[in-house]
Amino acid sequence: MLQATNLRAEYGSLVAVNDVDLQIETGQFATIVGPSGCGKTTLLRMLAGHQEPTSGTVELNGEDITYTEPQNRPTSLVFQSWALFPHMTVRENIEFPMRNNGIEIGDRVEELLEQVRLDPDVHADKQATELSGGQKQRVALARSLAYNPDILLLDEPLASLDYVLRKRLQRELADLNDELDMTFIYVTHSLESALLMSDKLFVLDDGDIIQTGSPEDIYRQPNTKFIAEFMGDANVFELDGVEQKGGSYEVQSSLFAQTTTVPYHHDHGEPKYLVVRYDDTAVETELTEDLGLEVDVENVLVRGNTVLIECGSPAADGEYVAEMPVDEFRATNIEKGDTVFLQWDSAKSILVPE
Amino acid sequence: MSTKHSSGLGDRFGDGLWYVYVGLVALFLMTPLVSLVIASFYDGRFFSIVDYEFTLNWYEAALTSGSVRGAFTNTVYISVPVTILSTIIGTAAAIAYTRYEFPFREQFKLFALLPIFFPLILLGLGMSMWASQINLGYGVVPSIIGELVWISPIVMFVVSITALGIDPNIEEAAKDLGADTVTLYRKILLPLIADGVVSGAIFAFVLSWNNYYIVSYLSGPQSTITTWIHGRMTQGFTPVVPAVASLIFYVSILLVIGAAVLEYRSVDEGE
C-alpha cells in the first residue's frame, strides 16, 4: 500500500500541492485527474522521488520513502515524452534498468516486448528513434516494467497519440494492470482515460484533492460544481431556492417550468446547483417530463449517432445543450430558431453544493 | 525564394538571376583565399596573372625554414592544449547551463558568453596588461590561458546547441531506471552530446590555430604562424608567406569540412 500523508509542495509563495493525503492499495489502478496546472504532475514527481516535498511523508508498505533517491525507489515513471534513450536500440533501452539493478537479462527483453504487444523479432534491434509514437510508448512501458517496480507511475503517456491508438493503449494498460501484481498510478487531465481504466479516482484541483472514489461514484455524485462540470458535458443551473424534505430537496429556479424534488445524499452542505448531463436531456415542442425550461434552438450539431442541440434561454444568459439520438431528434421536426422545451426526468438531476 | 514554384518564363528568369547573384557572392567571398593559394604556387617574386608559372619551391622553402618550423611548433604547442582544455571547460559549462536548474542560470550564460562579443584586439590588450601585472610573463603558457578565455565560451555555445536538443526528462528517466551519476554521464549524457563535443573541439582547434590578436599580445618572443606571417608582411615580404598562409588554410578547411560532416550526420539522425 502506498500512503501519502500531508504531502505539500511549494514553489516560492505558490502552493502546488496542498497537504494532500492519498492511499492506494497494492495492485490498484489509481488515476489522479485534474485540469492543467492543478498540481498533479508535481504530486506524481514527489511519489517518484524526482522532487522533494516541502513537508509531509510518502510511505510504501509502511516504509518511509519520502527522501529516497529515485534510483533507489521501487517506483518507475513513464514520462509524457517517453524519454527513450535515442542513441540506443530498443533492446539496449530495456536492458538499461536491468543492468543498473543487477537483474539477469536472459530472454526478459523478448518477454517484455511481447507483454507490451510488440514483436521482438521485428522491433528489438531497431534504433529507438526509428519507432512510431505508439511503439515508443510501448517500449517506454516495457523499459519501466523491466526491473519489476512495485509501482508504475504514468504521466499522461498517451496524451500525444491519436484517438484510436490512445483508446487501444488505454485498454491494454488496464489489462496489464490486471495481469501484473503492480500498482499503477496514472495522471491525466482527460476524463475519458480516468473513467475507462481506473479502480480509484482522485480529483485534484488547485493543489487539493477534492474528491476520491470509484469512477462510477464520482460520475454519479460529484462533490462540487467544478467536478460535475469536469466529469462530463453537463448543464448547470443555479438554484433560487431549496427546501430539505427528508432525503430529498425541493428545488426551484426561475428558469424551470416546475418545482420538483430531487434526492440528495450528501454531507457537503446545502445544494446550490442542479446539474444534468447533456445526454440525459431532450428537446420537445411540449413539456412532457417533470422538469424543463423554455429555450430557443440556436444550433444543431451532428456528433456521430447523436445530435447536440445548442440552446439559449430568453430568461437568462445561459447556454444549454441537449444530446439526443439522431432518429429521435429528427422525429421531433425541431429546427434551428424554434422555441422548445429542454427537459429531463428530474431523477437524472444531480444536486451539488458550491 | 522563387525556386519552389518555378513554372512561368518570368520565374525561370528570376531563378537564373538568383543563381547568378549567389554565384557572385560566393566568388566575392572566395577570391582572396583562392588568390592566396594560386599565389603560393607562382614561380616569381611579384605575383602576376599574365605570365603564370607553377612551382612548389615556396612550399619547400616554407617546410625547410627553421623560423617557419619554429612558428608551426609553437602554434601546435598552443593549439593542442587549448583544444583539450577549452573542450573540457566548455562542455562542462554547456552541461551545467543546459541540463541543470540553478539560480542565476541565464545570467551565468550571458556572463560566460561575454568574451565572444568583446573585440579581440581589446581582449588581447587587456590580457597583456594583466599578464605583466601578475608576473605571468609572455610565451606559450600565457597564450594558452589567454586563448582559453575566448575559446571556451565558443565551445560552450556549440555543445549547448546539441545538449538543448536532448529530451529534458532524459536524466530523470535514467535515474528512475536505477542509474547512478557515473552511469548517467557515461551511458546517457556524454554519448548524446558526443557529436557536439567533437564539433566544439574542432572549432576550438581552428580558432586557436588561426588566432592572431591574442597570441600577438601574449606570445612574447615566441612566434606563431600568424605572428610570423604578420612579421614578414611588415618587415620584408617573401613569396614564402603565401605558401605558409595556404598551409594554415589547408589545415583549417579540412577541419571545417570535418565539422560540417558531423553536423549533417547528427541532423540526419533526427532527434
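Two strands are said to pair if DSSP finds at least two bridges between them, and strands here, like helices, are DSSP runs numbered from the N terminus, with at least two residues (E) for a strand and at least four (H or I) for a helix. With that in hand, let me start in chain A, where the bridge partner of Asp205(A) in β10(A) is Asp208(A). The two strands concerned, β9(A) and β10(A), pair in the antiparallel sense over 5 bridges, and they form a hairpin with 2 residues between them, of which Asp206(A), in the turn, has a positive phi of about 55°.

Before I go on, a word on what we are looking at. This is a predicted model, in which local features need pLDDT of at least 70 and side-chain atom pairs count only at pLDDT 80 or more, while totals for chains, interfaces and linings use all residues. Residues are numbered from 1 along each chain as its sequence is written, and chains are lettered from A, with ligands numbered from 1, in the order in which they are written.

Domain bounds come from an automatic or database domain assignment, which for chain A gives domain 1 as residues 2-220 and domain 2 as residues 225-352. How many residues of each are in contact? Counting two residues as in contact if their C-beta atoms, placed from the backbone, lie within 7 Å, 8 residues of domain 1 of chain A meet 5 residues of domain 2 of chain A. On the domain 1 side, β9 (200-205), β10 (208-213) and α8 (215-220) of chain A each supply at least two residues. By class, that side has 6 nonpolar, 1 polar and 1 charged residues, where Ala, Val, Leu, Ile, Met, Phe, Trp, Tyr, Cys and Pro count as nonpolar, Asp, Glu, Lys and Arg as charged, and the others, Gly among them, as polar.

Further along chain A, 5 strands form an open sheet in the order β16-β20-β17-β18-β19, with antiparallel pairing. Its edge strands are β16 (282-284) and β19 (319-325) of chain A, each of which pairs on one side only. From one strand to the next the twist averages 50°, taking axes as lines fitted to C-alpha atoms (for helices, over the stretch in contact) and angles as running from 0 to 180 degrees between N-to-C directions. Within this sheet, strand β18 (residues 306-312) of chain A is joined to β19(A) by 7 bridges, and Ile309(A) stands opposite Ala322(A) in β19(A).

Let me turn to chain B, which is divided into domain 1 (2-40) and domain 2 (66-268). The C-alpha centres of these two domains of chain B lie 33 Å apart, and 5 residues of domain 1 of chain B are in contact with 5 residues of domain 2 of chain B. The domain 1 side of that contact has 4 nonpolar, 1 polar and no charged residues.

From the record, UniProt places the feature "domain: ABC transmembrane type-1" (unreviewed entry) at residues 72-259 of chain B; its positions are given in the numbering used here, feature names are shortened, and annotations may be inferred rather than shown by experiment. Over residues 72-259 the chain is 81% helix and 0% strand, and the end C-alpha atoms are 23 Å apart. The UniProt annotation "transmembrane region" (unreviewed entry) covers several stretches of chain B, including 20-42 and 76-98. Residues 20-42 of chain B are 91% helix and 0% strand, with end C-alpha atoms 30 Å apart, whereas residues 76-98 of chain B are 100% helix and 0% strand, with end C-alpha atoms 32 Å apart.

Where do the two chains meet? The contact takes 18 residues from chain B and 19 residues from chain A. On the chain B side, α7 (170-176) and α8 (181-210) each supply at least two residues, and the largest share, 5 residues, comes from α7(B). By class, this side of chain B has 7 nonpolar, 4 polar and 7 charged residues.

I will finish with a backbone detail. Most residues other than glycine have a negative phi. Phe104(B), in the loop between α3 (66-99) and α4 (105-117) of chain B, has a positive phi of about 60° although it is not a glycine. Is Phe104(B) buried or exposed? With 9 other C-beta atoms within 10 Å, Phe104(B) is exposed, since a residue is called buried at 20 or more such atoms, exposed at 12 or fewer, and partly exposed in between, with C-beta atoms placed from the backbone.
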